[in-house]
Amino acid sequence: TIADSYFTSTSNSLGAFTGTMVLNSAAVKPVIENCKLTGSIVSGKGYVGGMAGGASYGEVISNCHMYNSTIIGTGDNVGGIVGNAGSTSIETYIRLCSVNGGSVSGVNKVGGIIGCGVELSKTKISACCNYGTSVTATTRYAGGILGEDGHCYSCFVTAEVTAPKNKGPFAGYGNH
């Protein structure tokens with residue numbers, strides 16, 4: 001658990017638990033699980049998330065929760081759990097995660113759970129919920145669960161989503 005903390009960066013790839021998850025070998029995939037962020041602020045450029053800024057090579061983020069926190073990006077790919085997740089060749093899984101209260105905001109590709117899934121068929125989001133965490137994109141692609149590209153399974157949203165164009169309760173663009 002990380003509580004009542006402040007993280008800031010003028011660069012890309014910022015998260016309360018890790019900036020970017022890195023795959024060191026095909027046999028050992030990075031995992032973030034059973035984490036909680038509460039009453040905190042995470043503020044960076046792009047690729048900003050409550051847990052991780054980026055996860056792109058087959059990682060798993062499981063049973064992670066953000067409560068009453070503020071996630072701010074001055075660029076693209078901003079999410080309550082992870083800013084950017086997925087790869088063109090390996091599946092990435094985000095499951096059993098939730099955001100509750102607070103807000104997520106950025107320029108483009110902003111989501112309550114994930115900002116951008118990179119590859120539609122390779123980013124899997126299952127059993128994730130957004131309970132009233134507002135999501136705002138200043139240009140486009142804002143969604144209660146995901147900003148752009150990914151597969152959502154059994155997800156739930158009760159949140160306000162704001163963007164000039166390409167916004168939706170679940171995804172701003174590319175949700176199946």
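**Contacts, core and strand pairing**

Setting aside residues up to four places away in sequence, S98 touches C64, H65, M66, I81, I113, C129 and Y131. Contact here means heavy atoms within 4.5 Å. The model is predicted, so local features need pLDDT of at least 70, side-chain atom pairs count only at pLDDT 80 or more, and totals for chains, interfaces and linings use all residues. Residues are numbered from 1 along each chain as its sequence is written, and side-chain values use heavy atoms, with hydrogens and water left out.

S98 belongs to strand 15 (residues 98-111). Helices (H or I, at least four residues) and strands (E, at least two) are DSSP runs, numbered from the N terminus. S98 has 10% relative accessibility and therefore counts as buried. Buried stands for under 20% relative accessible area, exposed for over 50%, and partly exposed for the range in between (1.4 Å probe, protein chains only). The side chains of S98 and H65 are joined by a polar contact of 2.6 Å. Such a contact is a pair of N or O atoms within 3.5 Å; within protein, one must be able to donate a hydrogen and the other to accept it, and residues adjacent in sequence count only if both atoms are side-chain atoms.

The protein holds 0 helices and 24 strands. Its C-alpha trace spans about 40 × 35 × 30 Å along the principal axes. Of its 176 residues, 52% are buried. Among contacts with a separation of 6 or more, 81% involve residues 24 or more positions apart. The accessible surface comes to about 7000 Å², and carbon and sulfur atoms account for 50% of it. These areas were computed by the Shrake-Rupley method with a 1.4 Å probe; for residues, only the protein chains shown count as cover.

The largest nonpolar core has 40 residues, of which I61 and I94 touch the most other members. Two or more residues each come from strand 9 (52-55), strand 11 (65-73), strand 13 (82-85), strand 15, strand 19 (134-143) and strand 20 (146-153). A nonpolar core is a set of buried Ala, Val, Leu, Ile, Met, Phe, Trp, Tyr and Cys residues joined through side-chain atoms within 4.5 Å.

I94 has contacts beyond its neighbours within four places in sequence. They are I61, V82, A85, I113, I114, K124, I125, S126 and C128. One of these, I125, is the bridge partner of I94 in strand 17. Strand 14 (residues 92-95) pairs with strand 17 (residues 123-126) in the parallel sense, over 4 bridges. Two strands pair if DSSP finds at least two bridges between them. Strand 17 also pairs with strand 20, in the parallel sense and over 3 bridges. There, S126 has Y153 of strand 20 as its bridge partner.

Parallel pairing also involves strand 9. Strand 4 (residues 18-21) pairs with strand 9 in the parallel sense over 3 bridges. T20 stands opposite G54 of strand 9. Strand 9 and strand 13 are likewise parallel, over 3 bridges. In strand 13, G54 has N84 as its bridge partner.

A55 is also found in strand 9. Its relative accessible area is 0%, so A55 is buried. Leaving aside neighbours within four places in sequence, A55 is in contact with M21, I61, V82, N84, A85, G86 and T92. A55 and G86 lie 31 residues apart along the chain, and 6.4 Å separates their C-alpha atoms.

Aromatic rings were then examined. The count comes to 2 aromatic pairs. Rings of Phe, Tyr and Trp (its six-membered ring) pair if their centres lie within 6.5 Å; planes under 30 degrees apart are stacked, those over 60 edge-to-face, and the rest tilted. Y131 and F156 form a tilted pair, at 5.7 Å centre to centre and 45 degrees between the planes. This pair links distant parts of the chain, with Y131 in strand 18 (residues 129-131) and F156 in strand 21 (residues 156-158), 25 residues apart. Y131 is partly exposed at 38% relative accessibility. F156 is partly exposed, with a relative accessible area of 40%.

Y141 and Y173 form a tilted pair, with 5.3 Å between centres and 45 degrees between the planes. Because Y141 lies in strand 19 and Y173 in strand 24 (residues 171-175), the pair ties together parts that are 32 residues apart in sequence. Y141 is buried, with a relative accessible area of 11%. Y173 is partly exposed at 44% relative accessibility.
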